[in-house]
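I opened the model to look up a few contacts and ring pairs. My entries follow in the order I made them.

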Amino acid sequence: MTHGPASAALPLGPGDAVLAFDVGGTDTKYALFSADGSMLGRRRTPTPRAGGDTVEVVLDFVAETAAQLARDFPDVHPRAVGLLVPGLVDEPTGVGVLSGNLGWTDVPFRALAEARLELPVAFSHDVGGAGEAELRLGAARPYRNVAVLIVGTGIAGALFVDGHPYSAGGFAGELGHSIVVPGGRECVCGGQGHLETIASAAAIARSYTELTGTAVDGAREVLARADAGDPEAVLVWEQAIEALALGIGQLVAILAPDAIVIGGGLASAGDAFFEPLRAEVERLLTFHRRPALLPAQLGEDAGLLGAALRARDLVTPRPGS
């Protein structure tokens with residue numbers, strides 16, 4: 001288990017005390033947020049798995065963790081819980097529609113979590129929660145029409161129209177499964193030529209290894225090799241940037257967002273990632289609105305902050321929400 005700081009100064013601000021859980025395909029993060037916005041007891045631990053019983057194991061973990069945080073911080077009394085999970089999520093019904101990685105289908109997560117925790121639960125998609133945090137607290141604050149993209153092992157997005165999330169029953173925002181090379185490489189979802197088969201961090205490392213026979217420690221190593229003049233690394237990196245720009249160009253043509261915020265491991269490469277991406281997007285666009293292409297600001301705790309925001313909204317709804 002990786003231990004974070006007991007209390008961290010983050011931009012949540014004052015409000016109701018809440019619990020936040022960000023369940024990922026690999027790791028789960030959790031924290032208790034106090035009324036002044038301090039993040040208490042933050043931890044990161046491998047997501048529990050148990051084959052066909054993973055749902056029960058995850059829910060048991062959430063309940064046990066909530067009880068432990070209550071013992072550790074007896075003076076902080078949460079009024080609601082924010083719970084984020086990966087996969088397809090139907091937020092209005094509180095159902096986890098599908099997680100191929102964690103092996104569940106049509107799970108009534110919100111109802112099950114409320115029964116265990118005896119608190120109201122705000123249930124959402126992990127990238128949706130991170131996007132909410134970037135919209136309200138991070139890089140997207142000046143904007144109302146926004147796409148927040150996370151480029152990591154896969155590629156997923158959260159869409160906001162006039163400041164409100166657009167999820168379409170959990171199916172919106174799956175930019176990683178847009179087709180950029182018809183008939184191209186097979187995707188884990190069964191399709192072909194999807195964006196994340198070329199431009200995700202995992203795809204970049206895999207493509208370089210397949211091209212050269214040399215295993216690398218992730219996409220950042222491919223970038224380092226490209227910077228050092230490795231022609232195969234340059235080719236793989238440029239193909240990834242071109243594919244991601246094509247996906248963004250499609251998004252711009254359809255939704256015309258004011259800003260596109262990009263987070264995840266690749267975005268942490270800074271100008272080496274954003275400068276060629278901005279140039280390629282500009283090359284593709286004609287009359288279209290030019291969105292601001294911005295790095296995410298909140299880092300790996302964006303999901304926890306988003307979960308906390310949505311939990312607080314259950315207790316004290318925002319005006320106009």
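This is a predicted model: local features need pLDDT of at least 70, side-chain atom pairs count only at pLDDT 80 or more; totals for chains, interfaces and linings use all residues.

Entry 1. Leaving aside neighbours within four places in sequence, I found G13 in contact with A35, D36, G37 and R312. I placed G13 in the loop between β2 (7–8) and β3 (18–23). I also looked up the C-alpha separation of G13 and S34, which is 9.5 Å, with the two residues 21 apart along the chain. The relative accessible area of G13 is 22%, so I noted G13 as partly exposed; the buried class ends under 20%.

Entry 2. I turned to the aromatic rings. How many aromatic pairs does the structure hold? I noted five. I described each pair I looked up by the distance of the centres and the angle of the planes.

For Y30 and F61, the ring centres are 5.8 Å apart and the planes stand at 75°; angles over 60 count as edge-to-face, so I logged the pair as that. This pair links distant parts of the chain, since Y30 sits in strand β4 (residues 27–33) and F61 in helix α1 (residues 54–72), 31 residues apart.

I then looked up F273 and F274. Their ring centres are 5.1 Å apart with the planes at 90°, so I logged this pair as edge-to-face too. F273 is buried at a relative accessible area of 1%, and F274 is buried at 2%.

Entry 3. F273 took me on to a helix pair, as it is one of the α7 residues in the contact with α6. The axes of helix α6 (residues 231–255) and helix α7 (residues 271–284) come within 9 Å and cross at roughly 50°. That angle is why I wrote down α6 as oblique to α7. I recorded the crossing as right-handed.

Which residues make the contact? From α6 I listed W237, I241, E242, L244, A245, L246 and I248. From α7 I listed A272, F273, P276, L277, E280, V281 and L284. Sorted by class, the contact has twelve nonpolar residues, two charged residues and no polar ones.

Definitions and conventions. Residues are numbered from 1 along each chain as its sequence is written. Side-chain values use heavy atoms; hydrogens and water are left out. Axes are lines fitted to C-alpha atoms, for helices over the stretch in contact, and angles run from 0 to 180 degrees between N-to-C directions. Helices (H or I, at least four residues) and strands (E, at least two) are DSSP runs, numbered from the N terminus. Angles under 35 degrees count as roughly parallel, over 145 as roughly antiparallel, 65 to 115 as roughly perpendicular and the rest as oblique. A crossing is left-handed if the near helix is turned anticlockwise from the far one by less than a right angle, and right-handed if clockwise. Contact means heavy atoms within 4.5 Å. Ala, Val, Leu, Ile, Met, Phe, Trp, Tyr, Cys and Pro count as nonpolar, Asp, Glu, Lys and Arg as charged, and the others, Gly among them, as polar. Rings of Phe, Tyr and Trp (its six-membered ring) pair if their centres lie within 6.5 Å; planes under 30 degrees apart count as stacked, over 60 as edge-to-face and the rest as tilted. Buried means under 20% relative accessible area, exposed over 50%, partly exposed in between (1.4 Å probe, protein chains only).
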